Amino acid sequence: MRRTFLALVLLGVGFSLAFAAVEMPAAGHLKGLTWLGHASFRLERAGVVVYFDPWKIEGEPLDADLILISHPHPDHLSPPDIAKLLKAETEIVTVADGAAKLQEARVNVKIHTVKPADKVAIKGISVEAVPAYNRNKEF
């Protein structure tokens, strides 16, 4: 059985972006979801590990299957923190500005670029990008 498990709004930039829903196999309401601080979350379901906007990651878990980056502000897209999570088969979903920043930082994994209304399925996980606004920052 599959159902929409999580709805997180992660603020975007420019036209803005949020990841509205991540659909994963059902297995209990919030089981496997860990808040890591600020806008960072770790979700593990059915053996798949997803990080949302990893920042100030402790240790080097090297366990991410998928990383979702909402926008390129440094507290949402931190190349040193992302490096702590990467394994060879990790994939990243982000906006175009985020993808450019990751390429500048020489993050060497598959990067999917999305804009509002895009839907992607990666490693059995469906991700839908929706518009969001971050008007209170001067970045």
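I take contact to mean heavy atoms within 4.5 Å. With that I looked up leucine 77, which touches Ile69, His71, Pro72, Ile82, Gly98, Lys101 and Leu102 when residues up to four places away in sequence are not counted.

**Ground rules.** The model is a predicted one, and in it local features need pLDDT of at least 70, side-chain atom pairs count only at pLDDT 80 or more, and totals for chains, interfaces and linings use all residues. Residues are numbered from 1 along each chain as its sequence is written, and side-chain values use heavy atoms, with hydrogens and water left out.

**Overview.** I took helices (H or I, at least four residues) and strands (E, at least two) as DSSP runs, numbered from the N terminus. On that basis the protein comes to two helices and 10 strands, and the order from the N terminus on is β-β-β-β-β-β-α-β-α-β-β-β. For burial I used relative accessible area with a 1.4 Å probe and protein chains only: buried is under 20%, exposed is over 50%, and partly exposed lies in between. Of the 139 residues, 47% count as buried. Among contacts between residues at least 6 apart in sequence, 48% join residues at least 24 apart.

**Leucine 77 again.** I placed leucine 77 in the loop between E6 and H1, and it is buried because its relative accessible area is 1%. Its C-alpha lies 7.2 Å from that of tryptophan 55, although the two are 22 residues apart in sequence.

I counted two strands as paired if DSSP finds at least two bridges between them. The strands of an open sheet of six then stand in the order E3-E4-E5-E6-E7-E8, and the pairing is mixed. Strand E3 (33-37) and strand E8 (110-113) are at the edges with a single partner strand each, so one side of each has no neighbour in the sheet. Neighbouring strands are turned by 20° against each other on average, direction ignored, where the axes are lines fitted to C-alpha atoms (for helices over the stretch in contact) and angles run from 0 to 180 degrees between N-to-C directions.

I asked how much of E5 is buried: five of its five residues are, so the strand is largely enclosed by the rest of the structure. Val48, Val50 and Phe52 are buried on one side, and Val49 and Tyr51 are buried on the other. In a regular strand the side chains alternate between the two faces of the sheet. Strand E4 (residues 40-45) runs antiparallel to E5 and is joined to it by five bridges, with glutamate 44 opposite valine 49. The hairpin of E4 and E5 has two residues between the strands, and alanine 46 takes a positive phi near 50° there. On to E6, I found three bridges in the parallel sense, with valine 50 opposite leucine 66.

**Threonine 94.** Threonine 94 lies in strand E7 (residues 91-94), and it counts as buried because its relative accessibility is 0%. A polar atom of its side chain lies 2.9 Å from the backbone oxygen of isoleucine 69.

**Nonpolar cores.** I defined a nonpolar core as a set of buried Ala, Val, Leu, Ile, Met, Phe, Trp, Tyr and Cys residues joined through side-chain atoms within 4.5 Å. The largest has 16 residues, and those with the most contacts inside it are Ile67, Ile82, Leu86, Ile92, Leu102 and Val107. Strand E5 (48-52) and helix H2 (96-104) each supply at least two residues of this core. A second, separate core of 13 residues includes Val48, Val50, Leu66 and Ile122.

**Helix H2.** I listed the buried residues of H2 as Gly98, Ala99 and Leu102. Seen down the helix axis they fall within an arc of 100°, so they line one face; the arc is that of the directions from the helix axis to the C-beta atoms. The face turned away from this buried side carries the exposed residues Asp97, Gln103 and Glu104. The cover over the buried residues includes helix H1 (79-83), E7 and E8.

Strand E9 (residues 119-122) and E10 run antiparallel and are joined by four bridges, with serine 126 as the bridge partner of alanine 121. Two residues lie between these strands, and lysine 123 has a positive phi near 55°.

Conventions:
A polar contact is a pair of N or O atoms within 3.5 Å; within protein, one must be able to donate a hydrogen and the other to accept it, and residues adjacent in sequence count only if both atoms are side-chain atoms.
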